[in-house]
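Hi everyone, thanks for having me. Let me put the structure up, and then we'll talk about charged pairs and a few strands.

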Amino acid sequence: MLMVTLSGATAADPEPVEVADGVYVFVGAPGDMHPGNLGRIGNSGFIVGPRSVTIIDTGVSHAHGMALLAAIRRVTDKPLGRVVLTHAVQEFLYGTTAFVESGGQPLCHRRTAELMRSRCEHCLDNLRLLLGSTAMEGTRLLVPADVIDGDTALTASGRTIDLIHPGWASTPGDLLVLDRQTGVLFAGGLVLNNRVPELRDGQLEPWIAAIDTLRELPVRVIVPGHGPPTDANGGVATKSYLQALDHGVRLLYERGASLMETVDSAALPEFSAWDGYEALHRKNAQLRYLQLELEDLDRR
């Protein structure tokens, strides 16, 4: 199992961890968003190529993006290249403006751009209420003009980086970022470490199938969307939660339990110590129940 030692950097002073040659990760704060951690709970990172730096996810605010950029500049002065947004979840995308101001070129999947346009202004309003106007000062939504529809390779940095769209898994526009040279995979929303995944935008069975496809890739290290980097088997825990959620809710549904009975009875104590369990698990059980209802209607 890969072991990563985290520094004592604070949320306001992020410190990159080098997980392979030229590949760095900023590990987000544990737990839920709150003013004390400035909402900086999502992971991001960067890959230093011979000609430029590729950025993966940009943080929860403009100030967060600026702090990440300052930390990157302590490692390299190479120009910024592509800024890849792996999925449309708030802790990964509002720092993009800081990188664009310094020459970065944002890129995401087309479905991610569509999801950002449909809801991310509203999410930004909620973040201002949760984290405060000071933490979110200067933050605005920037939707990348450059989008892709499927797999592609980035080579402009002088280092081949594969962008892989595993289909609609945790979100409709999921992207995985694989550095071929080192086998480091930034898994975005597909894989989490010690955190309950959120089913709000996901499709459960394709999500599980997408995790299974990671075995087919030349992966040595997985950088999850949340939590410390892990080894190539790092997706197993997320898959186990999704399977347990599906099994528990499906069993109750097939027995004729109501929606509220199912939500009240679908506890998964083996995952109760994970971040986000209290906030997300009951919502996930509700969403899975409603998905099963829709699947039943489609079959009739």
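So, salt bridges: the structure holds 20 of them. By that I mean a side-chain nitrogen of Lys or Arg within 4 Å of a carboxyl oxygen of Asp or Glu. Side chains of opposite charge can pair when their charged atoms come close. Before I go on, keep in mind that this is a predicted model, where local features need pLDDT of at least 70, side-chain atom pairs count only at pLDDT 80 or more, and totals for chains, interfaces and linings use all residues. Residues are numbered from 1 along each chain as its sequence is written, and side-chain values use heavy atoms, with hydrogens and water left out.

Okay, pair one. Arg82 and Asp146 meet through their side chains in a salt bridge, 2.8 Å from N to O. This pair links distant parts of the chain: Arg82 sits in strand S5 (residues 80–84) and Asp146 in strand S7 (residues 146–148), 64 residues apart. Helices (H or I, at least four residues) and strands (E, at least two) are DSSP runs, by the way, numbered from the N terminus.

The cut-offs are under 20% relative accessible area for buried, over 50% for exposed, and partly exposed in between, using a 1.4 Å probe and protein chains only.

Next, Asp201 and Arg119, with a salt bridge at 2.6 Å, N to O. Asp201 lies in the loop between S11 and helix H4 (204–213), while Arg119 is in helix H3 (residues 110–131), so the pair ties together parts that are 82 residues apart in sequence. Both Asp201 and Arg119 are buried.

Asp246 and Arg250 form a salt bridge, with their closest N and O atoms 3.2 Å apart. Both are in helix H5 (residues 236–254), 4 residues apart, which is about one turn of the helix. Salt bridges that share partners join Glu205, Asp246, Arg250, Arg288 and Glu295 into one network.

Last stop, strand S10 (residues 176–179). Leu176 and Leu178 on one side, and Val177 and Asp179 on the other, are all buried, so to speak covered on both faces. Strands pair if DSSP finds at least two bridges between them. S10 pairs antiparallel with S9 (residues 161–164) over 4 bridges, and with S11 (residues 184–186) over 3 bridges. Val177 stands opposite Phe186 in S11.
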